[in-house]
Amino acid sequence: MNSLCAAAATQSLVSFTSKASLCSINEEAPHKSRTFLKRVNSDAAPIKLSTGFLSPDSPVPTTKPCCFCGRRHFLEAATLSTTLFPIQPSRATNSDSDYTASLNKFHPPKPDWYQEFYAWVLNSAMKPYEAEVAQYKSQVFSNLKGKALKILEIGIGTGPNLSYYANDSDVQVIGIDPNPKMEKYARSSAASAGLPPSNFEFIHAVGEAIPLSDASVDAVVGTLVLCSVKDVDMTLKEIRRVLRPGGLYVFVEHVAAKDGTFVKFLQRVLDPLQQTVSDGCHLSRETGNNICRAGFSNVELDTAFLSNAAFVNPHVYGIAYQ
């Protein structure tokens, strides 16, 4: 999770436009909406979720405790991980060095001080924003109640979303984030939400190469993530890969303003600086369009505006169905 461009942490959220089913959105051109037709995926029949998803060449998980501190490689940690989810390196990255190269490709290493500072900023500065956006998150996360017991959150950050869906002892959550310094905050948030420690796992990983097996989760959660991943479409493809048939993808993302507006002009001018100071956050991505074109069977999407967020407008949020 990024800092919502840092500036939006203290902004207030105002009323939004009407719901758009099947992605009838207009992120690009003013006065004209773009409609994306319903797409039906061709996945196989639903598969029972269990450790049986482990592939023959996947490391066998144990109950030995693990540590993801510093730059511990994912595969080393996975062999020590719990059995919450079937672990499998994505995209044929079958060795420690392969996954490390993939991780560094999509999220180049940053100094520890920067990662620690950024995690602290997120944990401290986002509280006002989270208070304002709570009613909208409550709306979309309510769809997970009773429908999702195995949940993956990409870009989990400090874990502000856990309070919405992880307060059930039967829920199992795995959170991935490219910044390992987020782990202590995420674990604290999980505990505050009432999630048993044994039901939560944190993995140092990226959305473009999710280290889980196909069709292994009931839901994927991602808020303020697709603005900062290196490859949006690859991340969405990975989300669909790990979702079981009938699974849900719950999202909240800030997107580009309409073409021809002053806000869009500011976004284009400030985008390079924003990527530098906010861990790769892009201001002018049309992320809602990407989600609609990703191949989900149905997408329900709403648009929200931040009253004083300047160039961090608008937001899209909703649910995509596998």
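Analyst: A salt bridge here is a side-chain nitrogen of Lys or Arg within 4 Å of a carboxyl oxygen of Asp or Glu. The model is a predicted one. By that rule, the count comes to 10 salt bridges.

Start in helix α6. Arginine 187 forms a salt bridge with glutamate 183. Their closest N and O atoms are 2.8 Å apart. Both residues belong to α6 and sit four residues apart, about one turn of the helix. How exposed is arginine 187, and how exposed is glutamate 183? Arginine 187 has 30% relative accessibility, so it counts as partly exposed. Glutamate 183 has 11%, so it counts as buried. The cut-off for buried is under 20%.

Helix α7, residues 232–242, holds another pair. Here the side chains of glutamate 238 and arginine 241 meet in a salt bridge, 2.8 Å from N to O. The two are three residues apart, about one turn of the helix. Glutamate 238 has a relative accessible area of 2%, so it is buried.

The next pair is of another kind. Lysine 264 forms a salt bridge with glutamate 286, with 3.9 Å between the closest N and O atoms. This pair links distant parts of the chain. Lysine 264 is in helix α8, while glutamate 286 is in the loop between α8 and α9, and 22 residues separate them. Both lysine 264 and glutamate 286 are buried. They also belong to a network of salt bridges that links Asp259, Lys264, Arg268 and Glu286.

Arginine 285 meets backbone oxygens instead. A polar atom of its side chain lies 2.7 Å from the backbone oxygen of leucine 226. The backbone oxygen of cysteine 227 lies 3.3 Å from a polar atom of the arginine 285 side chain.

Valine 316 and glutamate 286 are 30 residues apart in sequence, yet their C-alpha atoms are 9.8 Å apart in space. Valine 316 lies in strand β11, residues 315–321. Its relative accessible area is 1%, so valine 316 is buried.

Isoleucine 239 and alanine 294 are 55 residues apart in sequence and 9.7 Å apart in space, from C-alpha to C-alpha.

Now turn to the backbone. Most residues other than glycine have a negative phi. Which way does phi go at leucine 224, positive or negative? Phi of leucine 224 is near 55°, a positive value. Leucine 224 is in the loop between β8 and α7. At 1% relative accessibility, it counts as buried. Alanine 215 also has a positive phi, near 50°. Alanine 215 sits in the loop between β7 (200–204) and β8 (217–223). Its relative accessibility is 10%, so alanine 215 counts as buried.

How big is the largest pocket? Its volume is about 290 Å³. It is lined by 15 residues. Those nearest the centre are Glu130, Thr158, Gly159, Pro160 and Ser189. Which helices each supply at least two residues of the lining? They are α3 (112–125), α4 (127–141), α5 (162–165) and α6 (183–193). By type, the lining divides into seven nonpolar, six polar and two charged residues.

Helix α7 holds both glutamate 238 and arginine 241. The loop between α8 and α9 carries glutamate 286, which pairs with lysine 264 of α8.

Terms used
Residues are numbered from 1 along each chain as its sequence is written. This is a predicted model: local features need pLDDT of at least 70, side-chain atom pairs count only at pLDDT 80 or more; totals for chains, interfaces and linings use all residues. Side-chain values use heavy atoms; hydrogens and water are left out. A polar contact is a pair of N or O atoms within 3.5 Å; within protein, one must be able to donate a hydrogen and the other to accept it, and residues adjacent in sequence count only if both atoms are side-chain atoms. On a 1 Å grid over the protein atoms alone, a cavity is a set of points where a 1.4 Å probe fits but cannot get out, and a pocket is an open set with protein on both sides within 12 Å along at least five of seven lines; lining residues have an atom within 4 Å of a point. Grid points are joined across faces, edges and corners, and a volume is the space filled by probe spheres set on the points. Ala, Val, Leu, Ile, Met, Phe, Trp, Tyr, Cys and Pro count as nonpolar, Asp, Glu, Lys and Arg as charged, and the others, Gly among them, as polar. Buried means under 20% relative accessible area, exposed over 50%, partly exposed in between (1.4 Å probe, protein chains only).
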